[in-house]
Amino acid sequence: MFPKSRNWMNSKCTQDSINRLPDELLISIVSHLPVKDAIKTSVIARRWRYFWKCSSILDFDGSKVLFESDEPIWLIDERRKFATTVNKVLDLHSLPTIEQFRIAFDLDQSNAGDIGKWLQFAFAKRVKRLELNLAESYMGRLDKQYIFPNMCDTIERLRILPSGGCESLVALCLIDVDVTEETLEFFISNCPLLEELRVRYSNYLKKFAASSPLVRLKRLEIASRGTCKSVEICTPNLLSFAFYGILRVSINLKNVSSLISLSVGAARPTIVMDNINQISGSLSRLETLKIRTSIYNVSIRRIFFSFPSFKNKKIL
C-alpha cells in the first residue's frame, strides 16, 4: 500500500477540525454564503444536510446569470426559474427570524405576485435588513417596474405585514422599485430601529420628506432619474447622505451636525454645485465629499475649494 500524501493528511486534518465545530458556528458560516452556494454545502456530510435551512441571511443574487452567460438569455424563462428557486427555498426555511433578505435580479411588475409573497415571508420572519435590487439587465427595457405595495392602504398593508408590524427593520434598500413617499413615510414612522435607507430610481418618488425627526437614521441615499424634486429631513445622527439625480432639486437638511460623508451626483457640474450649495452651511464636520458628474476638471475643484468649509475635506 502506498503511503498517504501530505496534502491528503492536511485535508483530513482540516476536515476533522471543521467537523469539531459546533452546529451554531457552522450554520453561521453557511448563512454568509449566497443561497445557491449554501445549498451545495448539504452534500458535504450528513450532518450538514439541513444547515442551509437555518440560514439567517438569505441572499438571492441571480444577476450573474444574466450578465455572464455566453448563451442567449430569454428573460421571461430566467425570471420563472429564479422565482421557482426562491419559492422552494422559502418553503423549506425553518428559522423563526432572519437577519437579512436580499433579492438581486431583473424582475418587474409581472412578478408582483411572487415578490409580494417574499416580502410577506421576510416581515413575518422579523427581517432586519431588506433589499430589493430589481435593476434591469440591459438598457432600454420597456417592462414596467415593480410597484411596491401601498403601505397606507389597509388591505395592502395587511397582506404584506400579516403579523402586524415591521419594527425589526434596520436597513431598507429599494433599487429600480416604484415606491411612493407615503410608503417610505410609513416605514420611517413605524420602524424605530431604521438606520439605513436607500432608494434608487423610483418613478413614483416626487419628494422625500419626513414629518418627524429621524433620530436613528445614519445613512440615507436617494437616486432619481429626474422625478424627485425635493428632499427635506431632520436627522441629528445622520452620518452619510447621498443624492444622485439629473436635475437641480430642493435639498433642506435640518440638524445634520453629525454628517461626515456627502455624495452628490448630476449630469452637469453646475447642477452638482447648486445642490451642494444648498447644504454647504450644514457641513461643519464633513470629512469626505464624493462627486459624480460627466465632467470633472480643475475649474470644478477650484469652485469647491472656494467654500471655506471644504478646504480641509477629502474630495473624491
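The model is predicted. The protein has 316 residues, and 44% of them are buried. Its secondary structure comes to ten helices and 15 strands. Among contacts with a separation of 6 or more, 60% join residues 24 or more positions apart.

**The nonpolar core**

- The largest nonpolar core holds 70 residues.
- Helix 6, residues 112–124, gives this core its largest share, with six residues.
- Seven residues have the most contacts inside the core: Phe-101, Ile-103, Trp-118, Leu-132, Phe-148, Phe-187 and Phe-241.
- Leu-132 shows how such a residue is surrounded. Leaving out residues up to four places away in sequence, Leu-132 touches Ile-103, Ile-115, Leu-119, Tyr-146, Phe-148, Cys-173, Leu-174, Ile-175 and Val-177.

**Aromatic pairs**

- The whole structure contains seven aromatic pairs.
- One of them joins Phe-82 and Trp-118, with ring centres 6.2 Å apart and planes at 80°. The pair is edge-to-face because that angle is over 60 degrees.
- This pair links distant parts of the chain. Phe-82 sits in helix 5 (residues 75–92), Trp-118 sits in helix 6, and the two are 36 residues apart.
- Phe-82 has a relative accessibility of 9%, and Trp-118 has a relative accessible area of 2%. Each counts as buried because its value is under 20%.
- Phe-123, Phe-148, Phe-186 and Phe-187 form one aromatic cluster.

- Strand 5 covers residues 171–175, and five of its five residues are buried.
- In a regular strand, side chains alternate between the two faces of the sheet.
- In strand 5, Ala-171, Cys-173 and Ile-175 point one way. Leu-172 and Leu-174 point the other way. All of these residues are buried.
- Strand 3 (residues 129–133) runs parallel to strand 5, and five bridges join them. Within this pairing, Leu-130 stands opposite Leu-172.
- Strand 7 (residues 196–200) also pairs with strand 5 in the parallel sense, over five bridges. Here Ile-175 stands opposite Arg-200.

- Three strands form an open sheet in the order 8-10-12, with parallel pairing.
- Which strands stand at the edges? They are strand 8 (207–209) and strand 12 (250–254). Each has a single partner strand, so one side of each has no neighbour in the sheet.
- From one strand to the next, the twist averages 5°.
- Strand 8 pairs with strand 10 (residues 230–234) over three bridges, in the parallel sense. Lys-207 has Ser-230 of strand 10 as its bridge partner.

- Asn-252 lies in strand 12.
- Is Asn-252 buried or partly exposed? Its relative accessibility is 31%, so Asn-252 counts as partly exposed.
- Not counting residues up to four places away in sequence, Asn-252 touches Val-231, Glu-232 and Ile-233.
- Asn-252 and Ser-282 are 30 residues apart along the chain, and their C-alpha atoms are separated by 9.8 Å.

**Thr-235, in a loop**

- Thr-235 is found in the loop between strand 10 and strand 11 (240–244).
- Thr-235 is buried, with a relative accessible area of 0%.
- Which residues does Thr-235 contact, leaving aside its neighbours within four places in sequence? They are Leu-214, Leu-217, Lys-254, Asn-255 and Val-256.

**Cysteines**

- How many disulfides does a search of the whole structure find? The search finds zero.
- Cys-228 counts as buried, because its 3% relative accessibility is under 20%. Cys-234 is partly exposed, with a relative accessible area of 21%.
- Cys-173, in strand 5, is another buried cysteine, and it is among the residues that Leu-132 touches.

Key:
Residues are numbered from 1 along each chain as its sequence is written. Side-chain values use heavy atoms; hydrogens and water are left out. A disulfide is a pair of cysteine sulfur atoms within 2.5 Å. Buried means under 20% relative accessible area, exposed over 50%, partly exposed in between (1.4 Å probe, protein chains only). A nonpolar core is a set of buried Ala, Val, Leu, Ile, Met, Phe, Trp, Tyr and Cys residues joined through side-chain atoms within 4.5 Å. Helices (H or I, at least four residues) and strands (E, at least two) are DSSP runs, numbered from the N terminus. Contact means heavy atoms within 4.5 Å. Two strands pair if DSSP finds at least two bridges between them. Axes are lines fitted to C-alpha atoms, for helices over the stretch in contact, and angles run from 0 to 180 degrees between N-to-C directions. Rings of Phe, Tyr and Trp (its six-membered ring) pair if their centres lie within 6.5 Å; planes under 30 degrees apart count as stacked, over 60 as edge-to-face and the rest as tilted.
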